[in-house]
Amino acid sequence: MSDDAYAQAGVDQGAADAAVAGLVRALGAIELGRPSRQVPLPGHYASVIRIDERTGIALSTDGVGTKLLIAEQLGRFDTVGIDCVAMNVNDVICVGAEPLAMLDYIAIERADPDVCERIGVGLARGAELAGIEIPGGELAQLGEMVRGFDVAGACFGTVALDAIVDGSAVRPGDAVIGLPSSGIHSNGYTLARSALAGLPLDEDPEGRLGRPLGDVLLEPTEIYVKPVLELLRSEVDVRGLAHITSGGLKNLERLAAEVGYEIDAPLPVPPIFALIQERADVSDEEMEEIFNMGCGFCCVVAAQDERAAVELLRGHYPAAKRIGQCNNNNKANSS
């Protein structure tokens, strides 16, 4: 593999962007017969619907992706539910909302009570870590359509309309604080599986990872809800929040402010990423566009609150630190 390795592995991001644009165009033509309740947050991580003059409901939906193929290969299903919860709640908190509940959707070739129970164990653990409820969901047996299974969810939370965090308050000089990821999380697995194909999952390749490869690949996505909510409830001026998934640190550009982001002190990169990069022969730039590279979440805070924010966040993540700052460059020139 070389540049554009993700497309060669089976994910054409350009086609995906065009497909999403088509969906957005179609959905934008919905005729309600009343004013829209949607709060304009174009390109953001979660949507917000106004329910009255003070309160909004934040909504997000996401799934685990092809990480599920690793779980199926290893016959280990008790952590992917955590991933499902994480991918949803980590988006909801990006608008300053408190996640309250999630519904799960499991599409499966043939209902297997043991597999579904193990998935449920992970969902329950993820819910506890996020402080949410899972009051219901759907199990669909789709043997004519599905080989294996898929796990997805939809989360909602509440946010005061005057407390929405969309990044519009970000200013040059503000600090970008990075929170460490637990590994690959739940993005980029199509490329990761392609790059690592042939390596035994029950071994540590060349002693580079410190544990078996399968354990590293199934490490659950980190759930950032509790530390971020604590930060939002503190005296710190929180101006932007970004879940670092596919797109890497360029996800900061989804915030509303017309600023640039200079990342000059990134968090350490876990060794799994170097292994993938070497075996796939992928450029640094493409790796940074596909993976979190060790930083799973970013908090943008006012410059004068940097020390207080770092101190608070280190109570949850000792490795949290300032990784960069906002500047006067426009988003197209961010680095």
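H6 passes H9 in a left-handed crossing, a term that applies if the near helix is turned anticlockwise from the far one by less than a right angle, with clockwise giving right-handed. Helix H6 (residues 189-196) and helix H9 (residues 271-280) pack at about 65 degrees, their axes 8 Å apart. H6 is therefore roughly perpendicular to H9 (65 to 115 degrees; under 35 is roughly parallel, over 145 roughly antiparallel, the rest oblique). Axes are lines fitted to C-alpha atoms, for helices over the stretch in contact, and angles run from 0 to 180 degrees between N-to-C directions.

From H6, Leu-191, Ala-192, Ala-195 and Leu-196 meet Ile-272, Leu-275, Ile-276, Arg-279 and Ala-280 in H9. Contact means heavy atoms within 4.5 Å. By class, the contact of H6 with H9 has eight nonpolar, no polar and one charged residues.

This is a predicted model: local features need pLDDT of at least 70, side-chain atom pairs count only at pLDDT 80 or more, and totals for chains, interfaces and linings use all residues. Residues are numbered from 1 along each chain as its sequence is written, and side-chain values use heavy atoms, leaving out hydrogens and water.

Helices (H or I, at least four residues) and strands (E, at least two) are DSSP runs, numbered from the N terminus.

Next, burial. In helix H8 (residues 225-232), Val-225, Pro-227, Val-228, Leu-229 and Leu-231 are buried (under 20% relative accessible area; exposed is over 50%, partly exposed in between, with a 1.4 Å probe and protein chains only). Their cover includes H4, S4, helix H5 (113-130), strand S8 (238-243), strand S10 (295-301) and helix H11 (306-314).

Thr-79 lies in the loop between helix H3 (67-74) and helix H4 (80-92). Thr-79 counts as buried because its relative accessibility is 18%. Leaving aside neighbours within four places in sequence, Thr-79 contacts Leu-218 and Pro-220.

Now the sheet. Six strands form an open sheet in the order S1-S2-S3-S6-S4-S5, with mixed pairing. Strands S1 (38-39) and S5 (133-141) stand at the edges with a single partner strand each, so one side of each has no neighbour in the sheet. Two strands pair if DSSP finds at least two bridges between them.

| Strand pair | Sense | Bridges |
|---|---|---|
| S1 and S2 (residues 47-50) | antiparallel | two bridges |
| S2 and S3 (residues 55-63) | antiparallel | four bridges |
| S4 (residues 98-108) and S5 | parallel | seven bridges |

Val-39 stands opposite Val-48 in S2. Ile-49 faces Ile-57 in S3. A hairpin of four residues joins S2 to S3. Ala-101 stands opposite Glu-133 in S5.

Note on methods: Ala, Val, Leu, Ile, Met, Phe, Trp, Tyr, Cys and Pro count as nonpolar, Asp, Glu, Lys and Arg as charged, and the others, Gly among them, as polar.
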